[in-house]
Amino acid sequence: MSRWSSSPFPPWLAPDPPRRVPHARAWNVALRTLHLMAFGILVGGHFWGVPAEPLYPALWITVASGAALMGLEIYQNAQWLFLVKGLAVLAKLVLLLLVPFFWEARVPLLLAVVALSSVGAHMPARFRHYSVLHRRVLLAEPAPLAEPVERA
């Protein structure tokens, strides 16, 4: 039994072990780099008072790359949503959804997202991988891409 077992989710949502995505690390690094560049432009633009319209491309690239990063994690195992690192992403989304309602506070809200991102990315694994659903740390090896080949 793996560390991911005893999930309340059906196997198609939370496979045990988690699904493996070919080149997942490369996809993650590429998407995260794009996401950070676009979000940096967006935060800087708001900080320096750039009108909203020229920032739209950065906004949409940030949204698309963030959605792709979340999709990559959730595809591997939906229980990611209940790990502290997944909950941190959901908390950042809540802060971002407050921006249209508290426009005058957008810079502090965006800076709070940056702070939460930094803390979330650099906290020890025992916190990042802690599942509030299972009340323990979940670290699992991803499923192999193919069955091992036996040598004669």
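Analyst: Arg135 counts as exposed, at 70% relative accessibility (exposed means over 50% relative accessible area, buried under 20%, partly exposed in between, with a 1.4 Å probe and protein chains only). The model is predicted, so local features need pLDDT of at least 70, side-chain atom pairs count only at pLDDT 80 or more, and totals for chains, interfaces and linings use all residues. Residues are numbered from 1 along each chain as its sequence is written, and side-chain values use heavy atoms, leaving out hydrogens and water.

Arg135 sits in the loop between β1 (130-131) and β2 (136-137); helices (H or I, at least four residues) and strands (E, at least two) are DSSP runs numbered from the N terminus. Its phi is positive, about 60°, although Arg135 is not a glycine. Most residues other than glycine have a negative phi. His23 is also a non-glycine residue with a positive phi, near 60°. His23 belongs to the segment before α1 (24-47) and is exposed, with a relative accessible area of 64%.

Gly86, Ala88, Val89 and Lys92 are buried in α3. Down the axis, the buried residues of α3 fall within an arc of 155°, so they line one face; the arc is taken over directions from the helix axis to the C-beta atoms. These buried residues pack against α2 (52-76) and α4 (106-122), contact being heavy atoms within 4.5 Å.
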